[in-house]
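Open the model in your viewer and keep the sequence panel handy. We'll take it stop by stop, starting with the whole chain and zooming in from there.

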Amino acid sequence: MIASDGDFPYFVPDELTVPTGARVSLTFHHAGEILTQSHNWVLVKPGTMEAVEKAGIAAGEENNWLQKNDPNVLAATPLIGKGKHVTFEFTAPAPGDYPFLCTTPGHGEDMHGILHVTPN
Ligand SMILES: [Cu+2]
C-alpha cells in the first residue's frame, strides 16, 4: 500500500522493498480531500526520472502524463483523483534501486521515492 500524503504531493512511504522476480500487487491511494489534481505512480529505470517527466509533459494529460511505450517506464498506474484507489500488478525487475514518481506536472520534484529490489 502506498498513498499520497493527504493533499500534499509526496508518497507515503517513499521507499518500498521487494525481491527480484516477485509478482508485486500494490494498491495506490490518493489520500487528498481538497486537491483536485490527479496522481499516478510510475516506476522507471535508474537515472531516467527527469526524462520520463519531460516526455510525459509533452504527451499531455490525455495520455496520463506519460509518453506511450516509453522504454524507461517499467510500470505505471492510471491517473487517479482524490479519494480513489487503484490496485495494479507488476513483476519486480533485476536487483537494484529504481526511482518512482508521479508524472503530473510539477509533482515529480517532491513526489518520488525508491523501490529497492533485493536479490533472491
Ligand atoms: Cu501527483
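Start with the whole protein chain on screen. Of its contacts with a separation of 6 or more, 71% link residues 24 or more positions apart; two residues are in contact if their C-beta atoms, placed from the backbone, lie within 7 Å. Before you click further, know that this is a predicted model, where local features need pLDDT of at least 70, side-chain atom pairs count only at pLDDT 80 or more, and totals for chains, interfaces and linings use all residues. Residues are numbered from 1 along each chain as its sequence is written.

**The overall view**

Switch to cartoon and you'll find 1 helix and 9 strands in the protein chain. These are DSSP runs numbered from the N terminus: helices are H or I with at least four residues, strands E with at least two. Follow the chain from the N terminus and the elements go β-β-β-β-β-α-β-β-β-β. The radius of gyration is 13 Å, close to the 14 Å that the globule rule gives for 120 residues, so the chain is as compact as a globular protein of that length. That radius is taken over C-alpha atoms, and the rule is 2.2 Å times the number of residues to the power 0.38. Along the principal axes, the C-alpha atoms fill a box of roughly 40 × 25 × 20 Å.

**Stop one: the four-strand sheet**

Select β2, β1, β4 and β7. These 4 strands form an open sheet in the order β2-β1-β4-β7, with mixed pairing; strands pair if DSSP finds at least two bridges between them. At the edges stand β2 (8-12) and β7 (85-91), each with a single partner strand, so one side of each has no neighbour in the sheet. Now pick β4 (residues 23-29), which pairs with β7 in the antiparallel sense over 7 bridges. On to β1 (residues 2-5), which pairs with β4 in the parallel sense over 2 bridges. There, I2 stands opposite F28 in β4.

**Stop two: the five-strand sheet**

Next, select β3, β9, β8, β5 and β6. In that order, these 5 strands form an open sheet, again with mixed pairing. Its edge strands are β3 (15-19) and β6 (73-76), each pairing on one side only. Zoom in on β5 (residues 42-44): 3 bridges join it to β6, and the two run antiparallel.

**Stop three: V44**

Click V44 in strand β5. Is V44 buried or exposed? V44 counts as buried because it has 24 C-beta neighbours inside 10 Å. The cut-offs: a residue is buried with 20 or more other C-beta atoms within 10 Å of its own, exposed with 12 or fewer, and partly exposed in between. Opposite V44 you'll see V73 in β6. Leaving aside neighbours within four places in sequence, V44 is in contact with residues including M49, V52, Y98 and F100.

**Last stop: the core**

Finally, show the largest nonpolar core, which has 20 residues. Such a core is a set of buried Ala, Val, Leu, Ile, Met, Phe, Trp, Tyr and Cys residues joined through C-beta atoms within 7 Å. Those with the most contacts inside it are V42, L43, V44, Y98, F100 and L101. The elements giving two or more residues to this core are β5, α1 (49-59), β8 (96-101) and β9 (112-118). Select V42 to finish: leaving aside neighbours within four places in sequence, its contacts include V52, L66, A76 and T103.
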